[in-house]
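The exercises below are meant to be worked through with the sequence and the model open side by side.

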Amino acid sequence: MDGGLRPMDADQLREHAHKMVDFIADYYKNIENFPVLSQVEPGYLSRMLPDSAPNHPESLEDIFNDISSKILPGVTHWQSPNYFAYFPSNSSIAGFLGEMLSAGLNIVGFSWITSPAATELEMIVLDWLAKLLKLPGYFLSGGQGGGVIQGTASEAVLVVLLAARDKMLRTVGKNALEKLVVYASDQTHSALQKACQIGGIQPENCRLLETDSTSNYALSPGVLCEAIAHDIAIGLIPFFLCATVGTTSSTAVDPLLPLGKIAKSNGMWFHVDAAYAGSACVCPEYRHYIDGVEEADSFNMNAHKWFLTNFDCSALWIKDRNALAQSLSTNPEFLKNKASQANMVVDYKDLQIPLGRRFRSLKLWMVLRLYGIENLQCYIRNHIKLAQQFEVLVAQDLRFEIVTPRIFSLVCFRLLPSQNSKDHGNELNHHLLDTVNSTGKVFLSHTVLSGKYILRFAVGAPLTEERHVTAAWKVLEDEASALLRSL
């Protein structure tokens with residue numbers, strides 16, 4: 001590697017990293033010039049790149065040119081201020097700096113001894129965040145429970161489901177696996193079904209209980225009680241309940257307190273998924289949406305959705321760390337060390353699926369320190385205010401309807417069909433979404449509630465301002481007008 005780029009060299013790193021930071025900063029400066037939703041066709045990139053890796057080094061300048069001309073056209077710009085699809089995936093200067101430092105140190109912190117600071121900082125920042133959310137004391141690291149950063153909410157629900165499964169099987173016998181039953185609403189994220197598949201739960205024993213508009217798509221405690229009573233009567237074993245605060249389709253909020261009491265009275269593990277809306281609960285006026293969390297065995301929120309922490313950073317708190325470790329711990333000879341053997345430390349490898357893990361707590365620590373609680377609360381409130389403004393714009397146009405009450409920063413709405421529409425206007429709204437997204441000016445996504453195809457407008461990108469919300473509504477109005485004229 002004489003004369004070229006060395007594997008690591010402080011001066012070369014400084015030179016090249018400065019160029020990369022400049023490139024990324026220019027990207028953010030010009031982000032509004034890109035179509036939000038990538039407009040490429042499948043397979044586009046293989047026609048633009050060679051079919052084998054280069055034998056000799058290429059220049060960073062050539063690579064930057066390829067990124068601009070070949071990669072960026074195939075990127076959907078999640079950080080665009082005109083991105084309103086799915087849920088947000090926040091990036092921030094603080095989160096970026098933490099990610100940068102994590103990449104620079106590049107430790108693999110699976111046990112305390114592999115980098116004590118990585119383990120201890122994770123415990124400290126998750127305690128900070130737990131206190132900010134006013135979570136029960138048993139979720140703090142000083143006792144039997146504590147927090148652990150997972151990659152995603154999908155990993156979080158999987159590890160707690162495995163812990164709950166094994167805890168129940170230790171009581172009823174390991175041959176009872178096919179009798180174990182999971183409960184959640186039909187609005188629960190599909191990650192729960194994947195967790196059941198991985199965990200060996202019979203597909204027919206994953207009860208996704210029906211919700212409707214009368215409860216704004218929240219899980220009814222009465223419906224849950226009936227399902228549990230029916231299953232017990234036929235010899236099945238209820239063992240896991242997943243409630244959601246801020247469902248993916250419409251940000252519905254399941255009533256945690258009554259659901260938690262039902263779970264407890266039936267000896268079930270109670271998990272609360274607040275992946276999206278947990279961030280809002282750092283504001284005192286929204287904290288009541290997680291009232292009842294004191295009944296939970298585990299609680300999860302994604303700092304990488306709406307809390308300015310770059311992906312991935314999913315915070316999971318558990319009442320009993322040992323329950324997780326009993327399902328996920330291994331103790332091979334080559335990892336044994338004095339601190340672990342003496343039970344003096346937490347080894348995060350025992351609370352997750354993989355062995356290796358990144359130093360993810362750095363970026364959450366930087367976000368909390370560089371912004372501070374008051375600024376983070378203002379950030380959340382601003383997005384909710386922008387969503388309220390969009391809701392008003394929709395409500396003023398009698399051609400549209402708001403489908404479910406807005407709770408946080410998601411507005412669910414649709415274009416009203418004509419009286420004689422055979423499909424409740426589903427094709428009409430599908431067409432509207434496609435035409436709006438193909439303009440490249442904005443990106444929205446959809447859901448289906450009670451058989452109706454609905455548009456979702458999720459405010460949460462860090463750069464979004466009122467003018468972007470107004471402009472997005474103008475695109476929707478114009479495309480709706482054109483669509484209705486064509487019919």
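**Exercise 1.** In which sense, right-handed or left-handed, does H5 pass H6 in their crossing? Work out also how the two helices are oriented and which residues bring them together.

*Solution.* Keep in mind throughout that this is a predicted model. Begin by locating helix H5 at residues 153-172 and helix H6 at residues 191-198, whose axes come within 9 Å of each other and cross at roughly 40°. Angles under 35 degrees count as roughly parallel, and those from 65 to 115 as roughly perpendicular, so H5 and H6 are oblique to each other. The crossing in which H5 passes H6 is right-handed. Next, look for the residues in contact: H5 contributes Ser 154, Val 157, Leu 158 and Leu 161, while H6 contributes Ala 191, Leu 192, Ala 195, Cys 196 and Ile 198. Sorted by class, the residues of this contact comprise 8 nonpolar and 1 polar, with no charged residue.

**Exercise 2.** Determine how H1 and H2 are oriented to each other, and sort the residues of their contact by class.

*Solution.* Helix H1 covers residues 10-29 and helix H2 covers residues 60-71, and they pack at an angle of about 20° with their axes 12 Å apart. Since angles under 35 degrees count as roughly parallel, H1 and H2 are therefore roughly parallel to each other. The crossing of H1 past H2 is right-handed. On the H1 side the contact is formed by His 16, Lys 19, Met 20 and Phe 23, and on the H2 side by Leu 60, Glu 61, Phe 64, Ile 67 and Ser 68. Sorting these residues gives 5 nonpolar, 2 polar and 2 charged.

**Exercise 3.** Find which residues of H7 and H8 make the contact between these helices, and say to which classes they belong.

*Solution.* The axes of helix H7 (residues 221-233) and helix H8 (residues 256-265) come within 10 Å and cross at roughly 15°, which makes H7 roughly parallel to H8. H7 passes H8 in a right-handed crossing. Pro 221, Leu 224, Cys 225 and Ile 228 take part from H7, and Pro 258, Leu 259 and Ile 262 from H8. The class count of this contact is 7 nonpolar residues, with no polar and no charged ones.

**Exercise 4.** Describe the interface between domain 1 and domain 3, beginning with the bounds of the domains and ending with the residues that supply 50% of the area buried by domain 1.

*Solution.* The domain assignment divides the chain into domain 1 (10-80), domain 2 (108-371) and domain 3 (374-486). The C-alpha centres of domain 1 and domain 3 are 31 Å apart, and 12 residues of domain 1 are in contact with 12 residues of domain 3. Between them, these two domains bury about 750 Å², of which 61% is on carbon and sulfur atoms. Glu 32, Val 36 and Leu 37 supply 50% of the area that domain 1 buries against domain 3, more than any other three residues.

**Exercise 5.** Locate the cis peptide bond at Asp 312 and the positive phi of Asn 106.

*Solution.* Most residues other than glycine have a negative phi, and most peptide bonds are trans. The cis bond joins Phe 311 and Asp 312, with omega about 5°, and Asp 312 is in the loop between helix H9 (303-306) and strand E7 (314-318). Asn 106 has a phi near 50°, and its place is in the loop between helix H3 (93-105) and helix H4 (116-132).

Terms used:
Residues numbered from 1 in each chain as written. Predicted model: local features only at pLDDT ≥ 70, side-chain atom pairs only at ≥ 80, totals over all residues. Heavy atoms only, no water. Axes fitted to C-alpha atoms, helices over the stretch in contact; angles between N-to-C directions. Helix = DSSP H or I, 4+ residues; strand = E, 2+ residues; numbered from the N terminus. Parallel < 35°, antiparallel > 145°, perpendicular 65-115°, else oblique. Left-handed = near helix turned anticlockwise from the far one by under 90°. Contact = heavy atoms within 4.5 Å. Nonpolar A, V, L, I, M, F, W, Y, C, P; charged D, E, K, R; others polar. Domains from an automatic or database assignment. Buried area = accessible area lost by both parts, 1.4 Å probe.
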